[in-house]
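These are my notebook entries on one model.

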Amino acid sequence: MTRLMSGIFASLAVAAGVYGYASFQGSPALPSNPLIGAAHAQEAEVDTSTIIEMVQGAEDAPVTLIEYASYTCPHCANFHQGAYKQLKDDYIDTGKVKFIYREVYFDRYGLWASMIARCGGPEKFFGISDLIYKGQSDWARAGGATEIVDALRKIGLLAGLEEEQLEACLQDGAKAQTLVNWYQENATEHGIESTPSFILNGKKISNQSYADFKALIDAELDG
């Protein structure tokens with residue numbers, strides 16, 4: 001999927017989405033004017049070091065694989081239901097690959113999904129992500145913003161999150177803006193222009209079959 005948005009435009013769109021959600025809920029917890037905050041986000045400093053990297057595998061694994069993905073990207077869903085599971089069994093769980101998952105935000109729905117996935121912390125992140133990708137064709141087409149948020153909330157509840165916990169995560173405007181800036185920093189650093197994209201031991205590679213992933217990883221292990 002190749003529709004990465006420019007920095008400020010992405011911030012505006014995402015902040016508008018969070019603001020819209022707050023309006024549906026009548027919540028006073030979000031900033032009173034998040035669009036203004038988003039418009040100046042690139043000029044003001046945002047401490048993105050507060051964002052937790054979501055990691056699987058051994059810390060000292062000889063190979064590091066970073067995935068850049070969007071929860072609204074069908075190709076990303078296909079990867080997570082296919083090649084990723086094989087990579088996890090053969091390389092991540094065996095200590096050969098350290099896997100880092102980084103979100104990309106094409107739209108407010110992808111951001112909301114990210115905030116649900118992160119709501120349970122690192123322990124629940126990958127399990128919730130799996131549920132989000134499995135149900136992508138359902139929640140992403142649930143209707144308007146209200147229906148999509150409700151569908152994502154149900155996924156969070158299914159994963160064992162509490163309603164109050166979910167509401168607090170979804171209404172955290174500061175966290176939303178920090179996530180957007182974090183994604184932009186990462187995408188700029190690695191020249192990410194489509195999803196899913198991968199960084200294998202510092203080198204950018206495209207989405208491909210499991211056999212091709214395996215050959216590249218084995219070459220890194222042998223080298």
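Entry 1, terms and source. I counted as a salt bridge a side-chain nitrogen of Lys or Arg within 4 Å of a carboxyl oxygen of Asp or Glu. The model is a predicted one, so I required pLDDT of at least 70 for local features and 80 or more for side-chain atom pairs, while totals for chains, interfaces and linings use all residues. I numbered residues from 1 along each chain as its sequence is written, and side-chain values use heavy atoms, with hydrogens and water left out.

Of the 223 residues, 50% count as buried. For this I took buried as under 20% relative accessible area, exposed as over 50% and partly exposed as in between, with a 1.4 Å probe and protein chains only. I also looked at contacts, meaning heavy atoms within 4.5 Å. Of those with a separation of 6 or more, 80% join residues 24 or more positions apart.

My search of the whole structure returned 10 salt bridges. One of them joins the side chains of E53 and R102, at 2.6 Å from N to O. E53 is in the loop between α2 (34-39) and β1 (54-56) and R102 is in strand β3 (residues 97-103), so this pair ties together parts 49 residues apart in sequence. I recorded E53 as partly exposed, at 29% relative accessibility, and R102 as buried, at 9%.

I next noted the salt bridge of E59 with K98, at 2.8 Å from N to O. E59 sits in the loop between β1 and β2 (63-69) and K98 in strand β3, so parts 39 residues apart in sequence are tied together. Here E59 is exposed, with a relative accessible area of 61%, whereas K98 is buried, with 14%.

The side chains of D150 and R153 also meet in a salt bridge, at 2.5 Å from N to O. Both residues lie in helix α8, three residues apart, about one turn of the helix. An α-helix has 3.6 residues a turn, so residues three or four places apart point the same way. D150 is partly exposed, at 30% relative accessible area, and R153 is buried, at 13%.

I asked at what angle the axes of α5 and α8 cross. The axes of α5 (residues 108-117) and α8 (residues 145-158) come within 10 Å and cross at roughly 20°; axes are lines fitted to C-alpha atoms, for helices over the stretch in contact, with angles from 0 to 180 degrees between N-to-C directions. The two helices are therefore roughly parallel, the class for angles under 35 degrees.

The contact is made by R108, Y109, W112, A113 and I116 of α5 and by A145, I148, V149, L152, R153 and G156 of α8.

I then asked how many residues of α5 are buried. Eight of its 10 residues are, and the helix is mostly covered. Among the buried ones are W112, A113 and I116, which also take part in the contact with α8.

Note on methods. Helices (H or I, at least four residues) and strands (E, at least two) are DSSP runs, numbered from the N terminus. Angles under 35 degrees count as roughly parallel, over 145 as roughly antiparallel, 65 to 115 as roughly perpendicular and the rest as oblique.
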